[in-house]
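Biologist: I'd like to learn how to read a protein model feature by feature. Could we walk through one together?

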Amino acid sequence: MDVKSTQSSPVVADPSPLNKSRLGIRTSLLPCSQSGQSFSTSTPTLPRKKPGKLDDVRSNGWLDSMKSSSPPRKKSLKDSNSADVISDDEDIIAYLSWLLKYPSALNCFQTIVDRASNRKLVVFLDYDGTLSPIVDDPDRAFMSIDMRSVVRSVAKNFPTAIISGRSRDKVYDLVGLSELYYAGSHGMDIIFPAKDTLSENHLRCVKSTDQSGKEVNLFQPASEFLPMINEVFKKFVEITKDIKGSKVENHKFCVSVHYRNVDENSWPVIAQHVHDILNDYPRLRLTHGRKVLEVRPVIDWDKGKAVEFLLESLGFSNRNDVLPIYIGDDRTDEDAFKVLRKKNDGYGILVSAVPKESNACFSLRDTLEVQEFLEALVRMAEDDGNIEEAPAND
Ligand SMILES: [Mg+2]
């Protein structure tokens with residue numbers, strides 16, 4: 001992960017653009033070319049208390065990251081399910097070239113089946129852009145009925161967890177399945193079955209109850225940041241209130257500032273405001289999502305750590321008969337891909353319709369292909385009478 005230093009708050013930038021040496025093609029064929037990116041100079045006027053402040057966000061790469069975090073929408077060849085779609089022959093050539101490095105998990109399904117033989121699959125799923133399409137209004141990022149049905153079937157056959165950047169309560173409401181485990185706030189808010197545990201992390205757990213009233217263990221490694229996150233959330237709401245289309249979300253242990261619906265000329269204003277506020281919070285850091293600025297605590301915890309934690313909590317760590325699979329589309333999912341790649345024991349699957357650098361092993365193009373892949377997992381389980389029953393989530 002490329003960590004750039006700003007004045008006081010660390011910034012996690014977007015993945016490096018693919019270049020022609022990686023793809024073996026001309027840079028001009030890439031659908032999200034990084035060259036020549038510049039912002040209009042006709043930006044709205046900023047408060048003048050700090051003259052020349054826009055230079056901050058221009059020079060530190062924030063604006064480039066904002067623009068490259070989600071490629072421009074183009075007319076889709078096939079459907080508009082994904083926010084990132086391909087549109088012409090050159091894009092298709094680039095995508096097909098990229099597939100040589102990140103082959104389709106559907107085309108390679110037999111490889112996964114062979115590897116899963118006599119092993120228990122444990123399935124980790126991101127939510128936005130993985131189970132639900134990216135939409136203009138994050139409050140309306142709903143799963144389809146068919147997707148919910150197949151996720152329920154997956155959870156009946158394999159231990160299954162959702163690991164989302166949203167608050168745990170919000171993602172639970174959106175998914176609506178009690179059969180799953182949930183980790184919200186990029187893995188900083190995890191509930192898992194109550195049982196005696198011995199690890200250092202588990203000693204920091206507290207007893208709680210889940211949505212159905214069952215006793216669970218609650219692990220919140222950033223709990224001390226709650227007041228700070230709430231404070232920053234209020235400041236972000238205040239500074240964006242006059243920026244049309246902006247939306248600020250409080251995800252409990254992190255805050256999102258969405259600019260998907262903001263006029264591009266106003267992006268530097270948002271970036272500069274967020275940048276200025278974060279100068280006062282060196283214990284918070286910024287990451288770039290898909291047309292969203294995400295702010296979270298500077299702690300040694302991410303989705304990769306959450307995967308390791310859940311595997312341990314569920315009794316699946318250090319076992320050679322377990323095969324974790326993680327499906328996600330976002331930069332923050334790369335931490336989980338990295339863990340599985342490092343352990344060389346499991347598969348990361350990136351959801352993307354455009355070439356991206358990734359630590360994943362395989363790819364899926366969009367949420368429809370994710371659904372297709374999950375359906376294949378269910379068929380595999382149903383065809384295999386020897387699949388061990390998944391433990392009850394209680
Ligand atoms: Mg996502």
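This is a predicted model: local features need pLDDT of at least 70, side-chain atom pairs count only at pLDDT 80 or more; totals for chains, interfaces and linings use all residues.

Biologist: In which sense do β3 and strand β4 pair?

Modeller: Two strands pair if DSSP finds at least two bridges between them. Here β3 and β4 (residues 160–163) pair in the parallel sense, over 3 bridges. Residues are numbered from 1 along each chain as its sequence is written, and side-chain values use heavy atoms, with hydrogens and water left out.

Biologist: And where do the labels for strands and helices come from?

Modeller: They are DSSP runs numbered from the N terminus: helices are H or I with at least four residues, strands are E with at least two.

Biologist: What kind of unit do β3, α6 and β4 make?

Modeller: A crossover is right-handed if, with the strands pointing away from the viewer, the path from the first strand over the helix to the second runs clockwise. β3, α6 and β4 make a right-handed β-α-β unit. Another right-handed β-α-β unit is made by β13, α12 and β14.

Biologist: How many bridges join β3 to β13?

Modeller: There are 6, and the two strands run parallel. Lys-120 stands opposite Val-322 in β13, and Phe-124 has Tyr-326 as its bridge partner there. Tyr-326 also stands opposite Gly-348 in β14, a strand (residues 347–351) joined to β13 by 4 bridges in a parallel run. For the antiparallel sense, look at β6 (residues 189–193) and β8 (residues 215–219), which pair over 4 bridges. In that pairing Pro-193 stands opposite Val-216.

Biologist: Are the residues of β3 buried or exposed?

Modeller: Buried means under 20% relative accessible area, exposed means over 50%, and partly exposed is in between (1.4 Å probe, protein chains only). In β3, 6 of 6 residues are buried. Lys-120, Val-122 and Phe-124 point one way, Leu-121, Val-123 and Leu-125 the other. β13 has 7 of its 7 residues buried, with Tyr-326 among those on one side and Ile-325 among those on the other.

Biologist: How far does helix α10 reach from its first C-alpha to its last?

Modeller: The expected span of a helix is 1.5 Å times one less than its number of residues. α10 (residues 267–278) has 12 residues and reaches 17 Å, close to the expected 16 Å. It's also mostly covered, with 12 of its 12 residues buried.

Biologist: Which residues donate to the magnesium ion?

Modeller: Donors are N, O and S atoms within 2.8 Å of the metal (3.2 Å for Na, K and Ca); water is not among the atoms, so sites may look incomplete. The protein donors here are Asp-126 (OD), Asp-128 (O) and Asp-329 (OD), lying 2.1 Å from the ion. Asp-128 sits in the loop between β3 (120–125) and α6 (145–157), and Asp-329 in the loop between β13 (322–328) and α12 (334–343), so this pair ties together parts 201 residues apart in sequence. Asp-329 is buried, at a relative accessible area of 2%.

Biologist: Last one: how many aromatic pairs are there?

Modeller: Rings of Phe, Tyr and Trp (its six-membered ring) pair if their centres lie within 6.5 Å; planes under 30 degrees apart count as stacked, over 60 as edge-to-face and the rest as tilted. By this rule the count is 12. The rings of Phe-192 and Phe-309 have centres 5.3 Å apart and planes at 80°, so that pair is edge-to-face. Phe-192 lies in β6 and Phe-309 in helix α11 (residues 303–313), so the pair ties together parts 117 residues apart in sequence. Phe-192, Phe-219, Trp-301 and Phe-309 form one aromatic cluster.
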